[in-house]
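Please read it alongside the sequence and the coordinates.

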Amino acid sequence: MGCNCSENKKWECSDSSIDIALLEPELAKHAGSPINLIKVLQKAQELYGYLPLDLIVYISSALGVKPAKALGVVTFYTQFKTKPVGKHLILLCRGTACHVNGASGIEEAVSEYLGVSEGDITPNGLFSYNNVACLGCCSLSPVMMIDNKAYGNLTKDSAVKILKEIEMREASLCG
Amino acid sequence: MRITVGEGSCGVAAGATEIYSLLEQGIKAFGIDCMLTVTGCIGMCYLEPIVNVTLSDGQLATYVRVSAEAVGEILKLLCNEENNAEQYLIAQQDQENLDAQQRIALQNCGIIDPENIDEYLDAQGYQAIKKCITELTPEQVIDEMQASGLGGRGGAGFPTWFKWQSARGSEGDKKYMICNADEGDPGAFMDRAVIEGDPHQLIEGIMIGAYAIGSDEGIVYVRAEYPLAIVRLELAIIQARERGILGENIFGTDFCFDLAIKAGAGAFVCGEETALIASLEGERGMPRLKPPYPAQKGFLKLPSNINNVETFANVPWIIRNGGSAFAAIGTEDSKGTKVFALTGKIAKGGLAEVPMGTTIREIVYGVGGGIRGGKAFKAVQMGGPSGGCIPAKLIDTMIDYRSLAATGAIMGSGGMVIMDESTCMVDMARFFIEFTCNESCGKCTHCRIGNRRMLEILERICNGEGQDGDIELLSALAEQVKDGSLCGLGQTSPNPVLTTLRYFRNEYEDHIYNKKCTARQCKPLLTYTVIDDLCIGCNLCAKRCPSGAITGELKKPYIIDNEKCIQCGKCAEVCKFAAVAVD
């Protein structure tokens, strides 16, 4: 009978809000299976919003991938975030049609209203935004997507109005 | 009676979900006897939300730009009450534009409920795969594809039958059928429309291909930016499994096939087939040298075949109607129909499926309704970052693979971004090279660094710091990047620069030598002046000016100091009297 104290000790993430138990079933399912690395990372990001470095290392060891390789994958794909994101992630489309129809003005307005630049989170934790390649709603350009919902035919004013509405909804939730 | 609400991503963005729930509540409240369903995108995105009402006598009425008020009128109509629903009916011209299209890949989009397999089955669904596995040998299926002349709709137009035959001919018991749904070209969304609007047709097309090459397992690689498409495809796969259409011993034969979805993670280069395979294997999506081709060594080093969504969507029709019927449509070297995504400065943006060989003019001024705001057509960008800008003088170019290649652009996946006089072509080139810089995987030096240098040159031209010799330097770099890159992304990335240099060289020269942007897009090249006659001296511009460049007295015309002006454009934006001239 060997010592099994290391098995009893549960791994904890540097970000205490991350409950690794939520990911364990997925990790168990794909243990030792490097080809599912992207899938597991996607699941982790869905659960926690972003991927802190030590979580990436933890996932890589569970799947039998070198940590450097896992980090390489994370940084290669734009979907993966290594910094925390706002409760509502705003995806600003920078596709051709949106560009032609004034997407840069929309970014200006969103950035000015939120007071943060791309990838940073607002002080209240509600929003962060990222520029993304085409969202595929070109006929409604310029477009942004928040929480998987696309908003089209934006103007600077309407984009800000949408953000204000979300803020109001949040405020009423908090009572 | 049946009501359908168009709930593609575009319809949803235009408020279709709210319209659906209003209709649902109304139907319940008034006890109306009718069926309410959703459908995919019919392609007339500029008219969303769209509601179709099929009355009990079979007559179809299409209501467009449906608002809450319109729902009220439609409900009155259904209750046989006096109503004004008529004013929301589709305009005759729009209906004619729709009827004039020839739909194969999009035949069910916007008509059937994509979340209900029975509706697909009623539209001859899964008849083609049944015919294949019960009546045809895999070789006969490939022969039929050869007769059809179908070329890959992802952009290159490579003959589909040839790919299938190579995969069939490869040794090995285990083969993979992969669908490339990583539609990354900015300005293209036909694949999204097919998956959201008719996922079963895609599944059927993949199954036919799988039967032809001898595969029992398929994967659809969908980009993560298409959440609704993923949901609908997942549902369709579950429904097909429940009916025994996917799984073991399909239609009582020994053909077995199942399909899984893999979500991409946001990398344009993964549309390249070897990069896509690397991504499926959990790696960075970096292309590798071919050969070996995926048909020999693909996913997990096993023979694999990769086709695009629209390619697969054509397959069931070809099997049902025969390859020769498909080949009868189109031109000598480009057979069948093609779906185009019309966006940009177009009046009627959306999707149009037309026979190959249609001219750019017919699409822009026919289905597309011309340029928004009656402005002049300047160019159309085709083929995304790998394509090019075709100028107005070539508007009568036929859309087929050969004619487009002669212009320097490509068919690509079918995105057509229309530009008018307010689009700066140097800025367009800069936009695409910036895109390529962001999306280059970094493997090849020329693509990684050459594009970066091109971007720097284009940026300085747009910033008014262009130098003599820049045009020549750009041309030289473009040729080197073309020659020095391994995959399609790098090899084609200079196309936007080369085509704009070819057709709009004067704009480059204006930027470099005259420091002028005639389209008034490159802000550092603009000067702002107050038109004294129009200025009422409201002070708004001076208040908003971040650099304190605007001064004056209330109720008298203000003055902009060009030394201090940072060309942000705020003054022109806030002026309610159009008193700030931009030149």
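1. Does Trp317(B) count as buried or exposed, and why? Trp317(B) counts as buried because 24 C-beta neighbours lie inside 10 Å; under the cut-offs used, a residue is buried if 20 or more other C-beta atoms lie within 10 Å of its own, exposed if 12 or fewer, and partly exposed in between, with C-beta atoms placed from the backbone.

2. Two remarks on provenance apply throughout. This is a predicted model, in which local features need pLDDT of at least 70 and side-chain atom pairs count only at pLDDT 80 or more, whereas totals for chains, interfaces and linings use all residues. Residues are numbered from 1 along each chain as its sequence is written, and chains are lettered from A and ligands numbered from 1 in the order in which they are written.

3. Trp317(B) belongs to helix α13 of chain B, residues 309–321, where helices (H or I, at least four residues) and strands (E, at least two) are DSSP runs numbered from the N terminus. Once its neighbours within four places in sequence are set aside, Trp317(B) is in contact with Ile104(B) and Gln107(B), a contact being two residues whose C-beta atoms, placed from the backbone, lie within 7 Å. Ile306(B), 11 residues away from Trp317(B) in sequence, is 19 Å away in space, C-alpha to C-alpha.

4. Chain A has 8 helices and 4 strands, which follow one another from the N terminus as α-α-α-α-α-β-α-α-β-β-β-α. Its C-alpha trace spans about 70 × 40 × 25 Å along the principal axes, and 37% of its 175 residues are buried. Of the contacts in chain A with a separation of 6 or more, 62% join residues 24 or more positions apart.

5. The domain bounds, which come from an automatic or database domain assignment, divide chain A into domain 1 (16–76) and domain 2 (88–173), with C-alpha centres 28 Å apart. For chain B the assignment gives domain 1 (2–91), domain 2 (117–327), domain 3 (337–420), domain 4 (425–514) and domain 5 (526–582).

6. Between domain 3 and domain 4 of chain B the centres, taken over C-alpha atoms, are separated by 22 Å, and 10 residues of domain 3 are in contact with 16 residues of domain 4. On the domain 3 side, β11 (377–382) and β12 (388–391) are the elements that give two or more residues, and β12(B) has the largest share, with 3 residues.

7. β11(B) and β13(B) pair in the antiparallel sense over 5 bridges, and Val380(B) has Ile418(B) in β13(B) as its bridge partner.

8. At the interface between the chains, 40 residues of chain B are in contact with 32 residues of chain A. The elements of chain B that give two or more residues to this side are α1 (9–13), β9 (337–344), β13 (415–420) and α17 (425–439), and α1(B) gives the most, with 4 residues.

Key:
Pairing = 2+ DSSP bridges.
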